[in-house]
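Subject: Structure handover

Hello,

Here is the structure I said I would pass on. My notes on what was found in it follow below.

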Amino acid sequence: YANGNWYTPSGLFGLPISTQNISSLLLASFSYTQSDVVSGGKAACIGIVLRNDYDSTSGLFNNSPSINPVMEIEVCSWWSGIAKTGSLGNFTINSTYELCSQSASSSDNTSHWPTYVFVSSTNTLSVASLDLMSFVQTIDLNVTSLAGYYVTGVYFGFRIYSGHGNFTYSS
């Protein structure tokens, strides 16, 4: 996601990956630093973009005019001062996470899609070798079938809901 548009990289970093390929690993490692933070609510998350219109034979998206995902899964290693809504319970995936069901919209509000947010029970700004496919498979096994879906992109980011601060991606 950049400049108000979704960009779906094809063939980069091994993407797209079928959600049904349970042997695939999608490892993420990152570290943030923060300074000058006066915040009433903030989150550090890794977003996983899913689409169900990818044709693995042709390598093309059948609904190519759409730049929006069909579904998102977010893994938030830091979550503070923000009310959680739509709780679906707790899951253990290398740590304990509360899973919440939410909705996202395009910047012009013409497209909407479900977003499943895993909120870590412990806040950290540094994550090493986190297997994102484990979170995808948890949704597939416990919430909704992801047959026919592909992971088409991954993004990292910080959100400040109120206040101000500086966050730096350090690795």
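Lys84 is partly exposed, because its relative accessible area is 41%; the classes used here are buried for under 20% relative accessible area, exposed for over 50%, and partly exposed in between, with a 1.4 Å probe and protein chains only. Before going on, please note that this is a predicted model, in which local features need pLDDT of at least 70 and side-chain atom pairs count only at pLDDT 80 or more, while totals for chains, interfaces and linings use all residues. Residues are numbered from 1 along each chain as its sequence is written, and side-chain values use heavy atoms, with hydrogens and water left out.

Lys84 has a salt-bridge partner in Glu98, with the closest N and O atoms 3.0 Å apart. The term salt bridge stands for a side-chain nitrogen of Lys or Arg within 4 Å of a carboxyl oxygen of Asp or Glu. Because Glu98 lies in strand β7 and Lys84 in the loop between β5 and β6 (87-92), the pair ties together parts that are 14 residues apart in sequence. Strand β7 covers residues 96-105; strands (E, at least two residues) and helices (H or I, at least four) are DSSP runs, numbered from the N terminus.

Glu98 itself is buried, at 19% relative accessible area. Its side chain also makes a polar contact of 2.7 Å with the side chain of Ser87. A polar contact here is a pair of N or O atoms within 3.5 Å; within protein, one must be able to donate a hydrogen and the other to accept it, and residues adjacent in sequence count only if both atoms are side-chain atoms. Apart from neighbours within four places in sequence, the residues in contact with Glu98 (heavy atoms within 4.5 Å) include Gly89, Asn90 and Phe118.

The structure has two salt bridges. One of them joins the side chains of Asp53 and Arg51, at 2.7 Å from N to O, and both Asp53 and Arg51 are buried.

**The disulfide**

How many disulfides does the structure hold? There is one, where a disulfide is a pair of cysteine sulfur atoms within 2.5 Å. Cys45 and Cys76 form it, with their sulfur atoms 2.1 Å apart. The pair links distant parts of the chain, since Cys45 is in strand β2 (residues 27-51) and Cys76 in strand β5 (residues 71-80), 31 residues apart. The link of Cys45 and Cys76 is right-handed, with 95° about the S-S bond. Cys45 is buried at 5% relative accessibility, and Cys76 is buried at 0%. Cys100 is in no disulfide; the nearest cysteine sulfur, that of Cys76, is 9.1 Å away.

**Aromatic pairs**

Rings of Phe, Tyr and Trp (its six-membered ring) pair if their centres lie within 6.5 Å; planes under 30 degrees apart count as stacked, over 60 as edge-to-face and the rest as tilted. By this rule there are four aromatic pairs. The rings of Tyr97 and Phe118 are edge-to-face, because their planes stand at 85°, with the centres 6.4 Å apart. Tyr97 is in strand β7 and Phe118 in strand β8 (residues 112-120), 21 residues apart. Phe118 counts as buried at 0% relative accessibility. The rings of Phe118 and Phe135 have centres 5.0 Å apart and planes at 70°, so this pair is edge-to-face. Phe135 belongs to helix α1 (residues 132-142). Tyr97, Phe118 and Phe135 form one aromatic cluster.

Regards
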